[in-house]
Amino acid sequence: MGVNSNRVEHIWNPEAPPPAENLETAISVTISAHAMQMPPPEMHKVCMPPARTTAQKLRHRLSEIFFPDDPLHRFKDQTWFRKLVLGLQFFFPIFQWAPHYSLDMLKSDVVSGLTIASLAIPQGISYAKLANLPPIVGLYSSFVPPLIYSVLGSSHHLAVGPVSIASLVMGTMLSETVSYTEEPILYLKLAFTATFFAGLFQASLGFLRLGFIIDFLSKATLVGFMAGAAVIVSLQQLKGLLGIVHFTTKMQLVPVLSSVFHQKNEWSWQTIVMGVGFLVLLLTTRQISMRKPKLFWISAAAPLGSVILSTILVVCLKSHLPGIKTIGHLPKGLNPPSSNMLYFHGTHLALAIKTGLVTGILSLTEGIAVGRTFASLKNYQVDGNKEMMAIGLMNMAGSCSSCYVTTGSFSRSAVNYNAGAKTVVSNIIMASAVLVTLLFLMPLFHYTPNLILAAIIITAVIGLIDYEAAYNLWKVDKLDFLACLCSFLGVLFISVPLGLAIAVGVSVFKILLHVTRPNTAVLGNIPGTQIYQNVGRYREAVRVPSFLVIAVEAPMYFANSTYLQERIIRWIREEEEWLASNNRSNIKCVILDMTAVTAIDTSGIDTISELRKILDKRSLKLVLANPVGSVMEKLHQSNVLESFGLEGLYLTVGEAITDISSSWKAHP
């Protein structure tokens with residue numbers, strides 16, 4: 001289908017009476033129109049897209065959905081041996097960088113690996129307690145997963161291990177149903193099973209290339225969720241900082257604060273003094289490293305240094321500090337196998353699956369975001385789907401070796417980056433340091449006080465409260481800020497999982513709002529050009545007499561077709577009322593600019609057909625301008641275009657107005 005008219009004429013008429021509010025613009029345009037006449041535009045035919053079979057269309061569409069990065073392009077025109085090598089490098093990135101590994105790179109990785117180990121060991125113990133798991137599980141989780149990631153991961157700087165958010169969510173969701181004090185074995189089984197399902201879900205997303213699912217956790221959602229979780233986690237640590245024994249297991253703001261003040265008789269002044277002292281020390285070292293990045297090693301070494309110092313103080317003064325609770329006995333040795341503890345049947349299987357899905361999504365989102373952040377700083381690419389498979393497989397393997405959910409930690413990855421890590425060998429060095437600790441140093445943690453673990457957790461999670469990001473959300477997008485606020489308040493006052501669900505719901509509502517209520521605008525001509533822009537945005541844009549140009553800025557689907565029909569009719573009514581009140585000439589033609597209509601379904605086609613019939617009854621002409629290839633194809637297949645005639649379809653708005661104006665002058 002196309003336009004066959006060759007009648008061309010400049011559409012700007014300096015003698016036409018301009019609207020009152022555009023009088024000055026019209027005068028200046030009149031002068032410029034006389035001073036410089038633009039050549040008439042050439043008429044172009046609106047072409048159909050190349051003919052393709054249904055199978056070809058389906059193949060193209062699926063490739064765009066699941067393979068937007070075209071991962072197989074590197075295999076084209078290669079020998080079989082080269083394809084084998086590229087395949088190994090694709091699935092095991094270690095084969096990509098290992099041949100080029102050097103001694104200088106090893107030196108850098110050793111330094112960074114030992115540095116993050118000094119942070120990973122105390123954090124591993126602390127985060128395990130946050131998940132209501134035995135502290136030793138946190139160290140197990142800092143040994144096996146980093147080794148697996150070093151073979152499968154594509155990020156050079158991601159430091160793998162337990163993280164605060166996933167630990168909090170797992171602890172909250174499991175402890176709501178199963179008591180970790182009354183049924184510790186069952187709780188441990190559910191934790192390992194949840195980790196297995198988290199890994200299975202993550203690996204499946206990567207293998208099936210469904211990573212876009214995690215995009216429903218928008219930045220706004222995560223900012224609010226992490227801030228709320230950070231507040232709850234920090235308040236929960238008052239148990240350790242104050243020395244309270246009987247403390248609530250709930251994770252809402254009101255029960256936590258109520259428990260703190262109802263158990264004042266259990267407060268221990270020795271614990272408070274030592275705990276607050278170490279907390280101030282850790283926060284101070286964190287602030288120093290933030291202001292002077294070159295001193296990153298201070299905040300990295302501070303947690304382990306605090307553990308050592310607090311342990312020494314407790315050992316030396318234990319007769320004077322009876323109220324300070326310690327970790328107690330931690331078993332020596334490597335990770336024991338836990339495949340026999342996976343819980344695949346019974347009444348709590350649904351709980352394990354649900355916990356695994358939620359923690360899997362959160363840890364996956366954090367890990368990929370952290371990996372891409374540091375990859376952008378060093379100008380290399382991180383394959384999101386490969387990262388999903390790497391993180392998923394490492395969690396599945398971890399669940400069989402006494403580990404719980406792990407991912408890339410932002411704090412440890414930042415230390416790893418600042419320490420000069422070159423490759424994932426830094427994770428191997430860190431795991432080696434954890435191995436030495438598991439084999440030989442576990443008895444030294446017997447007298448480590450719980451208060452230092454609480455101080456370490458507070459110092460780590462306080463960085464999750466991003467005030468600047470929340471302020472930017474408020475400035476840029478109020479609906480995003482609402483999602484952030486809902487997530488924050490939901491976590492604080494309802495629960496961590498429901499707070500996250502509310503935030504995701506608000507984000508989905510925002511998507512539905514944009515889909516069902518797309519933007520439309522009236523366009524006017526920029527004088528002296530063939531450009532048409534929103535008259536509400538550009539003051540110099542002038543309405544063309546007898547024409548109403550409406551832009552639809554979204555796909556036309558069943559979800560918005562009724563709205564678009566009603567909104568377009570309203571635009572026409574408002575324009576007619578304005579013209580009547582200003583004694584202007586009536587509308588004769590309505591042009592739909594479909595440049596931004598990237599897709600259309602049968603409901604959208606019916607809307608266009610219905611609009612044409614409605615306007616025909618009112619003696620108004622409906623014209624379509626610049627439909628994209630897929631839209632053009634569907635309009636042609638539906639036979640709708642036959643009712644539009646020769647002057648019903650144009651490549652641009654300018655050509656439509658020029659050609660139709662010419663026909664009116666030729667046949668007044």
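**Figure 1. Ser 164 in helix α8 of the predicted model**. Ser 164 belongs to α8, the helix covering residues 164-175. Its relative accessible area is 8%, so Ser 164 is buried, the cut-off for that class being under 20%. When neighbours within four places in sequence are set aside, the contacts of Ser 164 are Tyr 127, Leu 130, Val 461 and Leu 464.

**Figure 2. The largest nonpolar core and Phe 225**. This core holds 89 residues, and Leu 133 and Phe 225 have the most contacts inside it. The element contributing most to the core is helix α9 (residues 184-207), which supplies 11 residues. Beyond neighbours within four places in sequence, Phe 225 touches Ile 165, Val 169, Leu 362, Ser 487, Phe 488, Val 491, Val 496 and Leu 500.

**Figure 3. A separate nonpolar core**. Another core, of 31 residues, lies apart from the largest one. Ile 587, Leu 615, Val 640 and Phe 644 are among its members.

**Figure 4. A nonpolar patch on the surface**. The patch is formed by Leu 58, Leu 62, Ile 65, Phe 212, Ile 213, Phe 216, Ile 511, Val 515, Tyr 557 and Phe 558. Together these residues have about 870 Å² of accessible area. Two or more residues come from each of α2 (54-66) and α22 (496-516). With three residues, α2 gives the most to the patch.

**Figure 5. Tyr 557 in the surface patch**. Tyr 557 sits in the loop that runs between β5 (547-552) and α23 (561-581). Tyr 557 is classed as partly exposed because its relative accessibility is 31%, a value between the limits of 20% and 50% for that class.

Notes:
Residues are numbered from 1 along each chain as its sequence is written. This is a predicted model: local features need pLDDT of at least 70, side-chain atom pairs count only at pLDDT 80 or more; totals for chains, interfaces and linings use all residues. Side-chain values use heavy atoms; hydrogens and water are left out. Patches are made of residues with over 30% relative accessible area and no salt bridge: like charges are joined within 9 Å, nonpolar side chains (Val, Leu, Ile, Met, Phe, Trp, Tyr) within 5 Å. Accessible areas come from the Shrake-Rupley method with a 1.4 Å probe; for residues, only the protein chains shown count as cover. A salt bridge is a side-chain nitrogen of Lys or Arg within 4 Å of a carboxyl oxygen of Asp or Glu. Helices (H or I, at least four residues) and strands (E, at least two) are DSSP runs, numbered from the N terminus. Buried means under 20% relative accessible area, exposed over 50%, partly exposed in between (1.4 Å probe, protein chains only). Contact means heavy atoms within 4.5 Å. A nonpolar core is a set of buried Ala, Val, Leu, Ile, Met, Phe, Trp, Tyr and Cys residues joined through side-chain atoms within 4.5 Å.
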